[in-house]
Amino acid sequence: MSETCDAAVIGAGPAGLTAAIYLARFRRRVIVIDRGGSRAKLIPTSHNHAGFPEGIHGEDLLARMRQQAEQYGAEIRSGDVTALEQGEDGWRLGGDGIALTARAVILATGVDNRGLDMEPAEHRAALEAGQLRYCPICDGFEASDKRIAVVGAETHGVAEALFLRTYSDRVALYTFTENELHEKDRANLAAAGVSWDPRPVVRYDFGGDAVVLHFADGSSDRVDTLYPALGSEPNTELFARLGLRADPDGCAVTDGHQRLGLTGLYAAGDVVAGLDQISVAMGHAAIAATALHNDLRERDGAVPA
């Protein structure tokens with residue numbers, strides 16, 4: 001027998017947990033399915049999240065949000081939803097140990113960074129030391145006046161290097177593969193004072209007093225912090241199976257109320273086209289949860305015609 005609820009939230013990052021808080025406070029029975037992959041867990045300390053002037057660790061933020069959702073009655077379960085289909089009685093969610101039917105669903109599945117090939121412990125240590133960073137908008141300020149390497153050329157890498165020029169006059173762009181920049185990109189980098197090294201980085205070392213980038217000819221460069229400009233992969237497997245529209249980067253496209261175009265289906269957070277920030281994800285979630293609640297009220301005849 002499939003368990004039933006008013007709303008299911010797939011994903012327990014900032015978007016999913018914010019949605020759960022709102023829905024529980026709307027007196028909805030809400031079940032959150034968490035596969036444990038929120039990018040917020042990777043944040044050593046966020047200094048641009050409003051309300052925490054001393055900063056807050058990503059895992060601490062998630063723990064607080066989880067506690068808040070649960071104290072209002074949201075149920076948070078571990079699992080991976082691998083099947084989602086629309087039925088006459090609502091949305092049916094399936095997966096290992098998951099058999100759930102929800103009247104409405106919020107997809108808050110997030111994105112995964114395309115990161116460096118590193119052992120998890122080494123990766124975490126580099127993040128904690130500030131030698132490895134992924135979000136210039138989040139932590140470019142903390143890299144002020146440092147030697148900054150952006151690795152990963154083409155349009156994304158050029159844009160990231162130019163953005164980081166706000167914080168330091170020692171920004172350099174590198175690449176992992178043989179690559180030739182467009183003449184306009186080279187001109188923009190030169191005008192901004194950003195150096196460009198076309199030699200592929202073959203190895204990188206963290207853990208000392210600097211990040212060391214090694215090249216095939218045996219030479220190396222030393223920097224203070226490294227930004228891999230490799231983009232991210234939206235977790236849109238469930239969207240794709242439903243034939244939903246995506247933007248050129250593969251992110252979900254919603255209306256102004258976070259609806260996905262199918263009755264009772266919404267999306268929030270980084271998986272939605274837009275700026276990947278915790279504050280944006282929480283805003284999406286507030287809109288999606290409120291729209292979901294009001295849409296159910298209308299379907300139940302609780303909203304005057």
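Which does Cys251 count as, buried or exposed?

Analyst: Cys251 counts as buried, because its relative accessibility is 10%; buried means a relative accessible area under 20%, exposed means over 50%, and partly exposed lies in between, with a 1.4 Å probe and protein chains only. The model is predicted, so local features need pLDDT of at least 70 and side-chain atom pairs count only at pLDDT 80 or more, while totals for chains, interfaces and linings use all residues. Residues are numbered from 1 along each chain as its sequence is written, and side-chain values use heavy atoms, with hydrogens and water left out.

The sulfur of Cys251 has its closest cysteine sulfur in Cys135, at 14 Å, which is too far for a bond. A disulfide is a covalent bond between the sulfur atoms of two cysteines. Here the term is applied to a pair of cysteine sulfur atoms within 2.5 Å, and by this rule the count comes to 1 disulfide. The partners are Cys135 and Cys138, with an S to S distance of 2.4 Å. Their link is right-handed, with 70° about the S-S bond. Cys135 is buried at a relative accessible area of 18%, whereas Cys138 is partly exposed at 29%. Cys5, in turn, is buried, with a relative accessible area of 6%.

Helices (H or I, at least four residues) and strands (E, at least two) are DSSP runs, numbered from the N terminus. Two packed helices are described by the angle between their axes and the distance between the axes. The axes are lines fitted to C-alpha atoms, for helices over the stretch in contact, and the angles run from 0 to 180 degrees between N-to-C directions.

Helix H1 covers residues 14-25 and packs against helix H8, residues 278-299, at an angle of about 35°, the axes being 8 Å apart. H1 passes H8 in a right-handed crossing; a crossing is right-handed if the near helix is turned clockwise from the far one by less than a right angle, and left-handed if anticlockwise. On the H1 side, the contact includes Pro14, Thr18 and Tyr22, which meet H8 residues including Ile278 and Met282; contact means heavy atoms within 4.5 Å. The residues of this contact divide into 12 nonpolar, 2 polar and no charged. Nonpolar covers Ala, Val, Leu, Ile, Met, Phe, Trp, Tyr, Cys and Pro, charged covers Asp, Glu, Lys and Arg, and polar covers the others, Gly among them.

H1 also meets helix H2 (residues 58-71), with axes that come within 9 Å and cross at roughly 20°. That angle makes H1 roughly parallel to H2, since angles under 35 degrees count as roughly parallel, over 145 as roughly antiparallel, 65 to 115 as roughly perpendicular and the rest as oblique. The crossing of H1 and H2 is left-handed. Among the residues that make the contact are Pro14, Leu17 and Ile21 of H1 and Leu62, Met65 and Arg66 of H2. By class, the contact of H1 with H2 has 8 nonpolar, 2 polar and 1 charged residues.

His49 lies in the loop between strand E2 (30-34) and H2. His49 counts as buried at 12% relative accessibility. Not counting residues up to four places away in sequence, His49 touches Leu61, Ile278 and Met282. Ile278 and Met282 also belong to the residues of H8 that H1 meets.
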